[in-house]
Amino acid sequence: MNEYAKRLTEALKRAGISQAELARRTGIKQQSINYLCNLEGKQMGSKFTPLFAEALEVNAKWLSDGLGEMEKPESQTSKMAVYEPASIYNTGYVKPPIEQDDSVVKIPFLHEVELSMGNGRVIYHEEPEKFLTFNSSWLTQNDVDPKFAVVVKCSGDSMVDRIHDGDVALIKTDIESIESEKYYAINYDGEAKLKILLKRADGSIVIHSKNQNGMYPDEIVRPDNAEQLSIIGRAVWFAGTL
């Protein structure tokens with residue numbers, strides 16, 4: 001019997017949710033979760049284990065390797081925040097508190113979180129330890145609510161020459177709809193990416209890369225597969241070195 005599949009199945013049963021619901025909460029394909037739950041399979045684990053553990057509220061080390069107790073320790077509770085996409089049009093990001101005064105606002109910089117400008121990175125959330133300071137009037141002019149904003153690092157080359165590897169982006173997370181041809185931080189099939197989104201008349205969303213060198217073809221999310229795509233937020237500012 002596959003031990004990882006046994007633990008994942010046990011965690012699902014304990015949480016009282018289905019594979020489909022776990023897929024909805026994490027953005028991972030249900031087919032992938034079904035494969036990982038196959039008790040006769042040969043899978044040794046998954047890179048999505050931290051996401052599963054957070055969504056199922058179990059100990060990530062126990063789920064990954066069978067170490068410790070199933071119950072999630074307080075240390076994991078304080079260090080991670082579950083990203084639970086509700087639909088293609090909203091975000092499940094829970095914003096940590098920030099400090100501010102009348103003239104400047106400190107926006108959390110999640111320096112361990114990177115948005116891939118390539119083929120994607122697994123999403124992990126962290127408690128903010130660093131902040132970037134923004135002028136409060138500039139934030140107001142750009143319709144950015146500091147309670148729903150975060151700064152993250154970008155990696156890869158799929159968005160050059162607009163955004164480069166190592167640049168940072170200010171992400172506005174309280175969006176309610178998609179504006180075509182804008183830059184968005186997205187969770188697509190469990191991976192974090194920074195891409196341009198294009199809306200089609202048939203309801204499909206095109207995930208588009210600025211760099212058209214043949215390595216990053218457009219990806220199309222049709223309405224019947226909308227659960228694969230969740231919007232983290234819209235990028236409103238970028239910064240990097242010359």
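## Helix 2 against helix 4

Helix 2 (residues 19–26) and helix 4 are roughly perpendicular to each other, a class that covers angles of 65 to 115 degrees, whereas angles under 35 degrees count as roughly parallel, over 145 as roughly antiparallel and the rest as oblique. Their axes cross at roughly 110 degrees and come within 10 Å. Axes are lines fitted to C-alpha atoms, for helices over the stretch in contact, with angles running from 0 to 180 degrees between N-to-C directions. Helices (H or I, at least four residues) and strands (E, at least two) are DSSP runs, numbered from the N terminus.

Helix 2 contributes Leu22, Arg25 and Thr26 to the contact, and helix 4 contributes Leu51, Phe52, Ala55 and Leu56; contact means heavy atoms within 4.5 Å. By class, the contact of helix 2 with helix 4 has 5 nonpolar, 1 polar and 1 charged residues. Ala, Val, Leu, Ile, Met, Phe, Trp, Tyr, Cys and Pro count as nonpolar, Asp, Glu, Lys and Arg as charged, and the others, Gly among them, as polar.

## Basis of the model

The model is predicted: local features need pLDDT of at least 70 and side-chain atom pairs count only at pLDDT 80 or more, while totals for chains, interfaces and linings use all residues. Residues are numbered from 1 along each chain as its sequence is written, and side-chain values use heavy atoms, with hydrogens and water left out.

## Helix 1 against helix 4

The axes of helix 1 (residues 3–15) and helix 4 come within 10 Å and cross at roughly 25 degrees; the two helices are therefore roughly parallel to each other. On the helix 1 side the contact is made by Tyr4, Leu8, Ala11, Leu12, Arg14 and Ala15, and on the helix 4 side by Thr49, Phe52 and Leu56. This contact has 7 nonpolar, 1 polar and 1 charged residues.

## Thr49

Thr49 lies in helix 4 (residues 49–56). Its relative accessibility is 5%, so Thr49 counts as buried (under 20% relative accessible area; exposed is over 50%, partly exposed in between; 1.4 Å probe, protein chains only). Not counting residues up to four places away in sequence, Thr49 touches Tyr4, Ala60, Leu63 and Ser64.

A polar atom of the Thr49 side chain lies 2.8 Å from the backbone oxygen of Ser46.

## Gln228

Gln228 is found in the loop between strand 9 (219–221) and strand 10 (229–239). With a relative accessible area of 16%, Gln228 is buried. Leaving aside neighbours within four places in sequence, Gln228 is in contact with Gly27, Lys29, Asn187, Tyr188 and Asp189.

Note on methods:
A polar contact is a pair of N or O atoms within 3.5 Å; within protein, one must be able to donate a hydrogen and the other to accept it, and residues adjacent in sequence count only if both atoms are side-chain atoms.
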